[in-house]
Amino acid sequence: MASAALLKSSFLPRRSEWHTIRKSSTPQSTVVAFSVRAGAYSDELVKTAKSIASPGRGILAIDESNATCGKRLASIGLENTEANRQAYRTLLVSAPGLGQYISGAILFEETLYQSTTDGKKMVDVLIQQNIMPGIKVDKGLVPLAGSNDESWCQGLDGLASRCAAYYQQGARFAKWRTVVSIPNGPTALAVKEAAWGLARYAAIAQDNGLVPIVEPEILLDGDHGIGRTFEVAQKVWAEVFFYLAENNVMFEGILLKPSMVTPGAECPEKATPKQVAEYTLKLLHRRIPPAVPGIMFLSGGQSEVEATFNLNAMNQGPNPWHVSFSYARALQNTCLKTWGGRLENVKAAQDALLFRAKANSLAQLGKYTGEGESAEATKGMFVKGYTY
């Protein structure tokens with residue numbers, strides 16, 4: 001199994017090196033020197049990214065903070081305790097056959113170091129399922145001084161040592177989420193701060209063996225049309241990839257987790273899956289180098305069915321990247337409500353998760369039809385001002 005084989009690689013820390021190359025065509029010509037970064041993890045990063053971006057598979061995001069996980073548990077009448085979080089995440093990672101549809105799982109730090117309810121390490125359970133363990137490494141959003149009530153993502157301090165420790169624990173990719181708000185601008189300051197933070201994080205993660213998932217989320221909040229989202233996303237993605245290049249990030253060893261190009265959640269004019277696909281693919285072709293192996297879309301409050309139909313529409317023709325999913329609520333919502341915190345409902349909840357995962361697997365292959373969907377899966381999950 002690809003991910004299992006990768007995890008057998010050496011756990012000894014390695015360092016990146018810079019080499020100076022000198023070129024001279026003739027003895028009399030001017031010598032030109034330039035630096036090339038030779039990352040110690042380069043080959044492994046490329047293999048990891050390709051393993052996650054494998055046909056018919058995507059990412060299960062279960063990296064909610066303890067506070068946000070508590071909100072999910074409260075919605076089914078459960079107290080926010082470590083035991084309840086452990087029980088729910090055990091249900092998710094141990095769903096039989098999940099690895100057929102899921103190639104990577106983003107974990108919160110607690111889960112990375114946690115065992116299942118029957119004493120197995122969560123990381124080991126994922127590896128046995130051929131699912132690559134990943135880790136959320138940002139420290140959340142805080143107000144951005146000097147902006148229009150916007151935010152920036154903290155967590156760069158101590159990131160290198162945290163990434164090294166996460167690698168030792170078995171993680172092979174990382175995630176850093178920052179957001180841009182259209183109703184609040186976005187200001188040039190907020191866009192630049194988001195892009196710079198993502199680029200610094202990506203460089204540090206690669207230096208420590210973790211494939212960085214780069215997540216510049218354009219929030220759904222607002223009543224703007226799809227054209228305005230496209231305009232803002234163009235600027236944001238351009239800035240992000242400019243600073244990724246400035247920080248010598250290897251594009252073949254990253255994954256992009258963007259928002260789909262949709263109207264604001266409060267816009268009266270809704271977009272069809274075909275329109276979402278047209279705008280989103282146009283933007284990808286304009287802004288994203290084909291060297292990036294995978295585009296793993298976030299759902300951002302769309303209903304489970306909506307997120308799947310939109311993904312399916314984007315895979316009706318060949319793309320230069322693996323166009324797939326990295327969903328949290330859009331994979332978990334029906335599963336969580338089916339479970340309800342009751343032991344006797346575990347199998348039914350796992351079946352709901354597998355149904356949702358298979359639906360998105362089919363969408364990645366462009367073969368999803370919507371057959372057999374429940375009413376619950378059609379319910380929107382947008383929350384204004386959502387934090388996690």
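Is Arg228 buried, partly exposed or exposed? At 28% relative accessibility, Arg228 counts as partly exposed. Here buried means under 20% relative accessible area, exposed means over 50%, and partly exposed lies in between (1.4 Å probe, protein chains only). The model is predicted: local features need pLDDT of at least 70, side-chain atom pairs count only at pLDDT 80 or more, and totals for chains, interfaces and linings use all residues. Residues are numbered from 1 along each chain as its sequence is written, and side-chain values use heavy atoms, with hydrogens and water left out.

Arg228 forms a salt bridge with Glu231, at 3.2 Å from N to O. A salt bridge is a side-chain nitrogen of Lys or Arg within 4 Å of a carboxyl oxygen of Asp or Glu. Both residues lie in helix α9 (residues 226-246), 3 residues apart, about one turn of the helix. Helices (H or I, at least four residues) and strands (E, at least two) are DSSP runs, numbered from the N terminus. Glu231 is partly exposed as well, at 36% relative accessibility. Elsewhere, salt bridges that share partners join Glu64, Arg72, Arg85, Arg89 and Glu110 into one network. Within it, Glu64 and Arg72 meet at 2.7 Å, N to O. Both of these residues are buried.

The structure holds 12 salt bridges. One of them links Glu44 to Arg172, with the closest N and O atoms 3.3 Å apart. Glu44 lies in helix α2 (residues 42-52) and Arg172 in the loop between α7 (159-169) and β8 (173-180), so the pair ties together parts that are 128 residues apart in sequence. Glu44 is buried, with a relative accessible area of 8%. Arg172 is also buried, at 0%.

Strand β9 (residues 211-218) has 8 of its 8 residues buried, so the rest of the structure largely encloses it. Both faces are covered. Val211, Ile213, Glu215 and Glu217 are buried on one side, and Pro212, Val214, Pro216 and Ile218 on the other.

β9 pairs with β8 in the parallel sense over 8 bridges. Two strands pair if DSSP finds at least two bridges between them. Lys175 has Ile213 of β9 as its bridge partner. From β8 the chain crosses through helix α8 (residues 188-207) to β9, and this β-α-β crossover is right-handed. The term applies if, with the strands pointing away from the viewer, the path from the first strand over the helix to the second runs clockwise. β9 also runs parallel to strand β10 (residues 255-256), joined by 2 bridges. There, Ile213 has Leu255 as its bridge partner. β9, α9 and β10 make a right-handed β-α-β unit.
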